[in-house]
Amino acid sequence: MATLSSYCLKIDTLRASNSTVFLPVSVASLICDCQFPPKTLISCRSSINLRLKFSDPYNKATGHFQIHSDRFGIQYKSRRILTRTPVVRADANQIDDDEEAVEVSKANGSSKKEADLEQQHKSSQLAKRVVFGLGIGITAGGVVITGGWVFSAAVAAVGFTASREYFELVRSQGIASGMTPPPRYVSRVCSVICALMPLLTLYKGQIDVSVASAAFVIAMALLLQRGNPRFSQLSSTIFGLFYCGYLPSFWVKLRCRLLAPALNTGVGATWPILLGGQAHWTVGLIATLISISSIIAADTFAFAGGKAFGRTPLTSISPKKTWEGAIAGLTGCIVTSVLLSKIFSWPTSMFSAIGFGFLNFFGSLFGDLLESMIKRDAGVKDSGSLIPGHGGILDRVDSYVFTGALAYAFVRNLLPLYGV
């Protein structure tokens, strides 16, 4: 028998007993050295297994290759060729012991092996997400407790990276198709300014004049550029300056500028003198720890509650968010705020602790929805791929962008004596 490079059959319709209809299948087989490995066809019923065998029933009267039985019919019409052409015969309920039947999923047509691979991929992504999440959480906790220039430098690095991701989103096809993005040199200058704002906040305290001056310089650069300046360039750039630079600077104000001592906390009494002693535990430090912990609790409870009980969509901006998940997140945020207020003895009022939890939750929810709106218009799932399993920096800090400013205003203006 001569060697054939390829051979292909298409079974249009096959019917077995009890009117079982078999799936249309295209069979392709590479035939080498006269060895024909068995192929398997799978019917709509999992109880029926088919094995394909090769034979040579050439009908000289009709000039066709064909084979019929009372249960199956497969016909392959072709001109007669010099070599012997193999024909497929299907036998029901026969399968070799050493050959594993391929199971076809009714839902999406994927095999069980593909489903297992997909499940393994999801498990790997979840494990990666948990590992990197724990690493980020531990590192962030150490940075917050250290404070000073370490905390400010970390906020500056986050602001710079977030700004770069933001301007890449602005240039994406989904957003840029309806507007003119700013020039790259302007976005780069804006990113540098966003990185400098937290450092200026640490050493200067107030950066209102600096922000206004930076906005004026950026506006002039856009107006004097070559070509035709557009308002969309100005609006997207100024918002990036506000979103990635000015708002994150309030975390520096909250952590490093509220230096009133938290006199009632018992943690400060046992804190080593070499690390600052009692004076290290300020209102700003405790407020930052409670705020960040409350946001983490809100995200965790909202995710778990949405998975378990989510039925009612919260908003079209983020279809996966539900009212049930939001209520669970609000509950977790308030409970965390109250528990930590008892541990740190700040704020001393239960009503203030509950109000602080409400504020942290709504600030985090608004920041999350705003970033989801930007990504939806950009037509992307994640803002970047910097953090394995988590996406970009904006995907991780979107809940914190507005919360720092709200927490600072709450402690500074609404709590008598800073809540001590």
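**Briefing: helix packing and local features of a predicted model**

F303 is placed in helix α8; helices (H or I, at least four residues) and strands (E, at least two) are DSSP runs, numbered from the N terminus. With a relative accessible area of 58%, F303 is exposed, where buried means under 20% relative accessible area, exposed over 50%, and partly exposed in between (1.4 Å probe, protein chains only). The model is predicted: local features need pLDDT of at least 70, side-chain atom pairs count only at pLDDT 80 or more, and totals for chains, interfaces and linings use all residues. Residues are numbered from 1 along each chain as its sequence is written, and side-chain values use heavy atoms, with hydrogens and water left out.

**Chain overview**

- The chain contains 12 helices and eight strands.
- Of its 420 residues, 42% count as buried.
- Among the contacts in the chain with a separation of 6 or more, 66% come from residues 24 or more positions apart; contact means heavy atoms within 4.5 Å.

**Annotated transmembrane regions**

- An unreviewed UniProt entry carries the annotation "transmembrane region" for residues 130-160, 209-225, 231-251, 281-304, 325-344 and 350-370. UniProt positions are given in the numbering used here, feature names are shortened, and annotations may be inferred rather than shown by experiment.
- In the model, residues 130-160 are 97% helix and 0% strand, and the end C-alpha atoms of this span lie 25 Å apart.
- Residues 209-225 are 88% helix and 0% strand, with 24 Å between the end C-alpha atoms.

**Packing of α8 against α9**

- Helix α8 (residues 283-309) packs with helix α9 (residues 323-344) at an angle of about 150°, and their axes are 6 Å apart. Axes are lines fitted to C-alpha atoms, for helices over the stretch in contact, and angles run from 0 to 180 degrees between N-to-C directions.
- That angle makes α8 roughly antiparallel to α9; angles under 35 degrees count as roughly parallel, over 145 as roughly antiparallel, 65 to 115 as roughly perpendicular and the rest as oblique.
- The crossing of α8 and α9 is right-handed. A crossing is left-handed if the near helix is turned anticlockwise from the far one by less than a right angle, and right-handed if clockwise.
- From α8, the contact involves I286, L289, I290, S293, S294, A297, A298, F301, A302, G305, G306 and F309. These meet E324, G325, A328, G329, G332, C333, T336, S337, L340, S341 and F344 in α9.
- By class, the contact of α8 with α9 has 12 nonpolar, 10 polar and one charged residues. Ala, Val, Leu, Ile, Met, Phe, Trp, Tyr, Cys and Pro count as nonpolar, Asp, Glu, Lys and Arg as charged, and the others, Gly among them, as polar.
- An α-helix has 3.6 residues a turn, so residues three or four places apart point the same way.
- F303 and A326 are 23 residues apart in sequence and 8.7 Å apart in space, C-alpha to C-alpha.

**Packing of α8 against α10**

- The axes of α8 and helix α10 (residues 350-378) come within 9 Å and cross at roughly 60°.
- That makes α8 oblique to α10, and their crossing is right-handed.
- A287, I290, S291, S294, I295 and A298 of α8 make this contact with F356, N360, F361 and S364 of α10.
- The residues of the contact of α8 with α10 comprise six nonpolar, four polar and no charged.

- Helix α7 (residues 249-257) is mostly covered, with eight of its nine residues buried.
- The buried residues of α7 are S249, F250, W251, V252, K253, L254, R255 and C256.
- S318 lies in the loop between α8 and α9 and counts as buried at 11% relative accessibility.
- Leaving aside its neighbours within four places in sequence, S318 is in contact with L369 and S372.

**Backbone features**

- Most residues other than glycine have a negative phi, and most peptide bonds are trans.
- W346 and P347 are joined by a cis peptide bond, with omega about -10°; P347 is in the loop between α9 and α10.
- L417, in the segment after α12 (403-414), has a positive phi of about 55° although it is not a glycine. L417 is exposed, with a relative accessible area of 72%.
- Y418 also lies in the segment after α12 and has a positive phi of about 60° although it is not a glycine. Y418 counts as partly exposed at 26% relative accessibility.
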